[in-house]
Amino acid sequence: MSEHNEIDRVSGRSTTGHEWDGIKELNTPLPRWWVLTFYATIIWAIGYWVVYPAWPLVSGYTTGLFQYSTRASVATDLADLEKLRGEKMAVLGNASLADIEKDPALLALARARGKTVFADNCAPCHGSGGAGAKGYPNLNDDDWLWGGSLDQIMQTIQFGARSGHAKTHEGQMLAFGRDGVLKKDEIVTVANYVRSLSGLSTAPKFDATAGKKLFTENCTSCHGDNGKGNPELGAPNLTDQIWLYGSDEEALVETITNGRAGVMPAWVGRLDPVTVKALAVYVHSLGGGK
């Protein structure tokens with residue numbers, strides 16, 4: 001390897017003087033346009049640091065000369081959107097739930113608004129289409145824990161269930177096994193009786209008479225003599241094969257043993273009244289509309 005500057009005889013171009021195995025390293029500067037572009041990007045970056053938020057600090061960040069904020073920009077866009085919606089939302093807000101149901105234009109508006117709000121706030125628990133999941137009610141089947149009329153749905157959305165709000169739905173299933181109310185074999189018997197109410201198969205040695213007696217003594221005060229449930233208490237209908245936590249014997253034994261007390265948050269104060277109304281109309285439409 002040689003290290004001296006020379007002119008390559010083949011190309012006639014200057015070399016760096018480096019040569020390896022007969023291969024010479026040409027001294028080829030970057031094109032001027034490329035160098036100028038590179039310098040321009042450096043200047044641009046410095047300018048960006050100055051005018052836009054860029055550098056993190058101990059308790060914040062540099063805001064830049066433009067005082068730009070993506071959060072503020074989104075807030076402005078939302079405010080502009082609300083202005084566009086304002087007149088229509090005002091009409092929706094002044095209409096009663098019954099009037100909205102009767103007016104095709106208002107109904108379409110409420111459903112469109114409610115669908116968007118549902119996706120943002122309710123879908124994480126109830127699913128994007130309202131089909132629910134284990135422990136989260138299916139909103140498509142017109143089977144409602146706390147009632148399925150428009151007014152009842154709106155009340156549930158506003159104040160939730162066991163949410164801590166003064167007007168929330170209150171109701172809690174006892175933990176019959178954990179609290180020592182029923183023995184293990186009695187819980188199994190009740191579980192099989194509950195399955196029989198909806199026409200499901202039972203254990204081979206199931207004693208229906210004993211199951212009915214235990215059910216009457218412990219369950220009818222909430223679920224009713226025939227197991228049809230009670231929306232005022234949030235007690236589900238046990239005869240329709242719609243199960244929130246599963247219908248197999250193991251799931252029912254778990255439910256009876258430890259009870260159930262799911263919580264739904266109160267949306268009053270989180271969502272404005274017009275939005276709550278639109279959401280109630282949308283949810284009502286999912287279940288077929290009682």
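Visitor: Which residues does the UniProt annotation "domain: Cytochrome c" cover?

Guide: That unreviewed entry puts it on residues 109-198 and 206-287. UniProt positions are in the numbering used here, feature names are shortened, and annotations may be inferred rather than shown by experiment. Before we go on: this is a predicted model, where local features need pLDDT of at least 70, side-chain atom pairs count only at pLDDT 80 or more, and totals for chains, interfaces and linings use all residues. Residues are numbered from 1 along each chain as its sequence is written, and side-chain values use heavy atoms, with hydrogens and water left out.

Visitor: How much helix and strand is there in residues 109-198, and how much over residues 206-287?

Guide: Residues 109-198 come out at 46% helix and 0% strand; over residues 206-287 it is 48% helix and 0% strand. Helices here are DSSP runs of H or I with at least four residues, strands are E runs of at least two, and both are numbered from the N terminus.

Visitor: Where does α2 bend?

Guide: At G86, by about 55°. That is the angle between axes fitted to the seven residues ending there and the seven starting there.

Visitor: And what does S69 do at the start of α2?

Guide: A side-chain oxygen of S69 comes to within 3.3 Å of the backbone nitrogen of R71. A polar contact is a pair of N or O atoms within 3.5 Å; within protein, one must be able to donate a hydrogen and the other to accept it, and residues adjacent in sequence count only if both atoms are side-chain atoms.

Visitor: Why is R113 called buried?

Guide: Buried means under 20% relative accessible area, exposed over 50%, partly exposed in between (1.4 Å probe, protein chains only). R113 has 16%, so it counts as buried. This arginine sits in helix α4 (residues 104-121), and its contacts (heavy atoms within 4.5 Å) include E82, R85 and D272, leaving out residues up to four places away in sequence.

Visitor: Why does H223 count as buried?

Guide: Its relative accessible area is 13%, so H223 gets that label too. H223 belongs to helix α9 (residues 220-223), and its side chain reaches the backbone oxygen of P236 at 3.0 Å. P236 is also one of the residues H223 touches, along with F215 and L238 among others.

Visitor: How do you know that K213 forms a salt bridge with E217?

Guide: The rule asks for a side-chain nitrogen of Lys or Arg within 4 Å of a carboxyl oxygen of Asp or Glu. For K213 and E217 the closest N and O atoms are 2.6 Å apart, so by that rule the pair is a salt bridge. The count by this rule is one. Both residues lie in helix α8 (residues 208-218), four residues apart, about one turn. K213 itself counts as exposed, because its relative accessibility is 52%.

Visitor: Why is D142 only partly exposed?

Guide: D142 has 25% relative accessibility, so it falls in between. This aspartate lies in the loop between α5 (123-126) and α6, and its phi is positive, about 60°, although it is not a glycine.
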